[in-house]
Amino acid sequence: MAFVVTSNCQRCRFTDCVDVCPVDCFHADADMLYIDPEECIDCGACVPECPVEAIFDETQLPDSQREWVALNKDRSTKLPVINKTQEPLATAAARKKELGF
Ligand code: SF4
Ligand code: F3S
């Protein structure tokens, strides 16, 4: 089991989540972050940090977001670790509003 970053992260990339991760298992591309399921220790600390509720326990994922289990596993291993908060994307404020947060 692991935690999973889902589509709400796209075009946001707030990165508040990375600061609290005790095992540095977040990886990033230009659009969003992914969790390496081999490294995640299921602590859940990242979940309340995300302003757009993008992170789920994989066992509680809505069916519509199930594809993100494989996407996190695949992409995280090919992308660099991110363990320091960065500026959100320029599109983040608009995307957050669009998502209803
Ligand atoms: Fe990191 Fe814990 Fe979130 Fe897993 S659940 S990504 S270990 S903060
Ligand atoms: Fe993405 Fe939320 Fe982290 S928007 S970068 S999962 S704080």
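How far apart along helix 3 are Arg95 and Glu98? Being three residues apart, Arg95 and Glu98 are separated by about one helical turn of helix 3.

## Basis of the model

This is a predicted model, in which local features need pLDDT of at least 70 and side-chain atom pairs count only at pLDDT 80 or more, while totals for chains, interfaces and linings use all residues. Residues are numbered from 1 along each chain as its sequence is written, chains are lettered from A and ligands numbered from 1 in the order in which they are written, and side-chain values use heavy atoms, with hydrogens and water left out.

## Salt bridges

Four salt bridges are found in a search of the whole structure (a side-chain nitrogen of Lys or Arg within 4 Å of a carboxyl oxygen of Asp or Glu). One of them joins the side chains of Glu98 and Arg11, at 3.4 Å from N to O. Glu98 belongs to helix 3 (residues 92–99) and Arg11 to the loop between strand 1 (3–5) and helix 1 (16–20), so this pair ties together parts that are 87 residues apart in sequence. Helices (H or I, at least four residues) and strands (E, at least two) are DSSP runs, numbered from the N terminus.

Glu98 also forms a salt bridge with Arg95, at 3.2 Å from N to O.

## Exposure of the paired residues

## Ligand 2

Ligand 2 is surrounded by 14 residues, the closest being Cys9, Thr15, Cys17, Leu33 and Cys50; a residue is near a molecule if one of its heavy atoms lies within 4 Å of it. The shell has eleven nonpolar, one polar and two charged residues. Nonpolar covers Ala, Val, Leu, Ile, Met, Phe, Trp, Tyr, Cys and Pro, charged covers Asp, Glu, Lys and Arg, and the others, Gly among them, are polar.
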